[in-house]
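I'd like to walk you through one structure, so please have a look at it while I talk.

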Amino acid sequence: MKVTVVGAGAVGASCAEYIAMKDFASEVVLVDIKEGFAEGKAMDLMQTASLNGFDTKITGTTGDYSKTAGSKVAVITSGIPRKPGMTREELIGINAGIVKEVTENLVKHSPDVIIIVVSNPMDTMAYLVHKTSGLPKERIIGMGGALDSARFKYRLAEALEAPISDVDGMVIAAHSDTGMLPLFSKATRNGVPVSEFLSEEKKAYVIEETKVGGATLTKLLGTSAWYAPGAAVSVMVQSILCDQKKMIPCSLMLDGEYGESDICLGVPAIIGKNGVEKIVNITLTEEEKAKFAEAAKAVREVNGDLKF
Ligand SMILES: NC(=O)C1=CN([C@@H]2O[C@H](COP(=O)(O)OP(=O)(O)OC[C@H]3O[C@@H](n4cnc5c(N)ncnc54)[C@H](O)[C@@H]3O)[C@@H](O)[C@H]2O)C=CC1
Ligand SMILES: O=C([O-])CC(=O)C(=O)O
């Protein structure tokens, strides 16, 4: 099955590489606006095929969407990343126009596509895709929670001095520095709540470092991260193409779930061949419910800046 990745920059190329390495898609089409860039990235990646042992065909195009026709999944990573000191929300001015135009082109050539939105501010960009694409809500999925949960597990393992494979945990709500909600109450080490092992001080450290995970990397790298974002997208694409029905926190259009409507926010969902197979309702503590509502309020304000 064919996967399109729009934006052949840091995240798009990393995403294409992980998808190809796992060898579950027949073709990955990279699209970029910069002349020759997607073609170059595709050729470079294809020259790793014999070395890394995959058969996925990777092609590139400068803006010719006819090459994306019949895609089962399209990933939108086009747009600008933030620089140190910026918030994701500050990217809305440039990225909204790009995401809208890209969505229209994708849907025109692949009316049955499932779109994964990556460009920031992601929850708002996912909302924009819902409002402008005409696609059913099951086929628009924002990527944030998968990445934020991976960062949560990294910080939990660090605090527990445990291997990451021992640790499980999930982040929901907004993909923003302040609106992320790491579900500490549900995190475990081999089935045992992590609160049995970690002090209040360590708990606060893990939560805070998880929330500013993207900002920390942006400060270190001078631009935002790409390896873990690319890997997170590849897990979601695989769950769709291989109908794995994994439970992954994703930014989805809510219609009363978690007390919110007409907003995209991170919630756990079953991801399979139809896109969102089901939103999973989990019990939150009163404190978590309040934080979820606070995150929704902030995202709604950013959504208010969109012009359709
Ligand atoms: N949701 C998430 O968890 C994450 C989101 N991001 C976001 O992903 C986006 C991409 O980040 P990077 O790959 O690091 O940036 P990048 O600058 O390396 O790549 C972006 C690419 O998009 C291309 N592009 C711009 N306008 C286009 C258009 N109209 N059509 C096709 N291609 C176009 C650019 O030429 C560039 O190659 C940013 O908005 C960033 O904030 C990044 C990491 C994680
Ligand atoms: O931090 C950023 O701007 C990019 C992103 O969303 C992330 O890495 O979580």
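Let me start with a definition: helices (H or I, at least four residues) and strands (E, at least two) are DSSP runs, numbered from the N terminus. This is a predicted model, where local features need pLDDT of at least 70 and side-chain atom pairs count only at pLDDT 80 or more, while totals for chains, interfaces and linings use all residues. Residues are numbered from 1 along each chain as its sequence is written, chains are lettered from A and ligands numbered from 1 in the order in which they are written, and side-chain values use heavy atoms, with hydrogens and water left out.

With pLDDT being the predictor's confidence in each residue, from 0 to 100, the protein chain has a mean of 98, and 100% of its residues reach 70 or more. The model's ipTM is 0.99 and its pTM 0.98.

First stop, helix α9, residues 227-241, which holds serine 239. Is serine 239 buried or exposed? Its relative accessible area is 0%, so it is buried; that word means under 20%, with exposed over 50% and partly exposed in between (1.4 Å probe, protein chains only). Contact means heavy atoms within 4.5 Å, and beyond four places in sequence serine 239 has contacts including Gln244, Ile271 and Lys273.

Now to His175, which carries the "active site" annotation in an unreviewed UniProt entry. UniProt positions are given in the numbering used here, feature names are shortened, and annotations may be inferred rather than shown by experiment. Histidine 175 sits in the loop between β8 (171-173) and β9 (180-182), and it is buried because its relative accessible area is 8%.

Some backbone geometry to finish. Most residues other than glycine have a negative phi, and most peptide bonds are trans. Here, asparagine 120 and proline 121 are joined by a cis peptide bond, with omega about -5°. Alanine 173, in strand β8, has a positive phi near 75°. Aspartate 23 has a positive phi too, about 60°, and lies in the loop between α1 (10-22) and β2 (27-32).
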